[in-house]
Amino acid sequence: MPEIEKISKSQLDKFKKLIDEAKNIAISAHINPDGDALGASLSLRKSLEKYGKFAEVIQISEVDNYLKFFPDLSQYKKPSLDEYDLFIIVDCSEFDRIDKAIEICEKSKNTIVIDHHKGGKIDTDLNIIYSDSPATCELVYEIIKRLKLPIDNEIATLLYIGLVTDTGRFLYSNISELTFLTAAELINEGADYEYVYKNLYQNKEISKLRFENHILSKVEFNKPYALVGVSKKMCEDFSMQMGDSESVVNMLRDLKGIEVACLIKEYDDGEYKISLRSKEWLDVSKIARDNNGGGHIRAAGFSLYEKNMEDALDTMRKILKEAIDD
Ligand SMILES: [Mn+2]
């Protein structure tokens, strides 16, 4: 098997230098972490700890229920220091997306970013940003492997979760030979993929299925887009968290004749969070960036501020129509 590498030698050397100079290291992912954000931060923390560093992952959000099975999740916790020698941001390239951890980041001596999002405007001591990577965990594994940092079966499992969730089980664009090679090597390192699959994909509550079913009954199909809004009241009626509606957007994208799926989630103070997924030709990261959001070509998001759900739906109809006609 040929060696496939993505990260440059100079970036790796700089990474090594920065961790070797640091006694204590903080890691933060973005707010409302997904599988890749948690997997990348917790795996890197444990590897750095085994390498001999004092390393912490800073908790900035509650963890969604579907991710509570994560190994080593107790390490996602309040920081014990106000400042660190090194601050590593993973799975995000915007300072405001690390929320309250920004203060600690600003006080810390050096900063590194490891990310695969497109269009982030960030400049740190070391930017390891590859927007053609399907998951931050793929990049973190490459760093661990090439720098010969410690790995164990728990670290491998954490990295595997990020790889599986951000690629939609090895389905989305940006996967490459390197992604499958990474998966194979992680399994070789002891990643417990059966545990991961059971918890991620064979563990849905029947009540959640009923909630999804209700949302699906409200979808507006207007090929090539599908659009639906989820109100706070719908969540209350079904005793669900807003995050439980997220799965619907992927179901809609997967339908024949649908290029782009849009889910609108109602939050407090007139905020409507928009989730976009596309399949083949529409760059939803551009739509998101035009509206002060971010993401990837096939999965992106942003916030709208509207009076009510009807207005939010109307705005999205216009935005989608414009993007499709472009
Ligand atoms: Mn990611």
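Me: Axes here are lines fitted to C-alpha atoms, for helices over the stretch in contact, and angles between N-to-C directions run from 0 to 180 degrees. In this predicted model, how do the axes of α5 and helix α6 lie relative to each other?

Reply: The axes of α5 and helix α6 (residues 177-188) cross at roughly 150° and come within 9 Å. Angles over 145 degrees count as roughly antiparallel, so α5 is roughly antiparallel to α6. The crossing of α5 past α6 is left-handed.

Me: Which residues of α5 and α6 meet?

Reply: From α5 there are Ala156, Leu159, Tyr160 and Leu163, and they meet Thr179, Thr182, Ala183, Leu186 and Ile187 of α6. By class, this contact of α5 with α6 has 7 nonpolar, 2 polar and no charged residues.

Me: What makes alanine 191 buried?

Reply: Its relative accessible area is 7%, and buried means under 20%, so alanine 191 is buried. Alanine 191 is in the loop between α6 and α7 (193-201). Not counting residues up to four places away in sequence, alanine 191 touches Asn153, Ala156, Thr157, Tyr160 and Leu186.

Me: Now to the metal site. How do you know which residues are the protein donors of the manganese ion?

Reply: Donors of such a metal are N, O and S atoms within 2.8 Å of it. Asp36 (OD), Asp91 (OD), His116 (NE2) and Asp166 (OD) lie 2.1 to 2.3 Å from the manganese ion, so these are its protein donors. Along the chain, the donors have the spacing D-x54-D-x24-H-x49-D.

Me: Why does the pair of aspartate 36 and aspartate 166 tie together parts that are apart in sequence?

Reply: Aspartate 36 belongs to helix α2 (residues 35-50) and aspartate 166 to helix α5 (residues 153-166), so the pair ties together parts 130 residues apart in sequence.

Me: And why does aspartate 36 count as buried?

Reply: The relative accessibility of aspartate 36 is 0%, and the cut-off for buried is under 20%, so aspartate 36 counts as buried.

Me: Why are α2 and α5 called roughly antiparallel?

Reply: Their packing angle is about 160°, and their axes are 8 Å apart. That angle belongs to the class over 145 degrees, so α2 and α5 are roughly antiparallel to each other. Their crossing is left-handed. On the α2 side the contact includes Asp36, Gly39 and Leu42, and on the α5 side it includes Leu158, Gly162 and Asp166. Its residues divide into 5 nonpolar, 6 polar and 5 charged.

Me: What makes α2 and α4 roughly parallel?

Reply: The axes of α2 and helix α4 (residues 136-146) cross at roughly 15° and come within 8 Å. Angles under 35 degrees count as roughly parallel, so that is the class of α2 and α4. α2 passes α4 in a left-handed crossing. Asp36, Gly39, Ala40, Ser43, Leu44 and Ser47 of α2 make this contact with Thr136, Cys137, Val140 and Ile144 of α4. By class there are 5 nonpolar, 4 polar and 1 charged.

Me: How do you know which residues glycine 229 is in contact with?

Reply: Contact means heavy atoms within 4.5 Å. Leaving aside neighbours within four places in sequence, glycine 229 has contact with Met234, Ile264, Met309 and Leu313. Isoleucine 264 is 35 residues from glycine 229 in sequence, with 4.4 Å from C-alpha to C-alpha.

Terms used. Residues are numbered from 1 along each chain as its sequence is written. This is a predicted model: local features need pLDDT of at least 70, side-chain atom pairs count only at pLDDT 80 or more; totals for chains, interfaces and linings use all residues. Side-chain values use heavy atoms; hydrogens and water are left out. Donors are N, O and S atoms within 2.8 Å of the metal (3.2 Å for Na, K and Ca); water is not among the atoms, so sites may look incomplete. Helices (H or I, at least four residues) and strands (E, at least two) are DSSP runs, numbered from the N terminus. Buried means under 20% relative accessible area, exposed over 50%, partly exposed in between (1.4 Å probe, protein chains only). Angles under 35 degrees count as roughly parallel, over 145 as roughly antiparallel, 65 to 115 as roughly perpendicular and the rest as oblique. A crossing is left-handed if the near helix is turned anticlockwise from the far one by less than a right angle, and right-handed if clockwise. Ala, Val, Leu, Ile, Met, Phe, Trp, Tyr, Cys and Pro count as nonpolar, Asp, Glu, Lys and Arg as charged, and the others, Gly among them, as polar.
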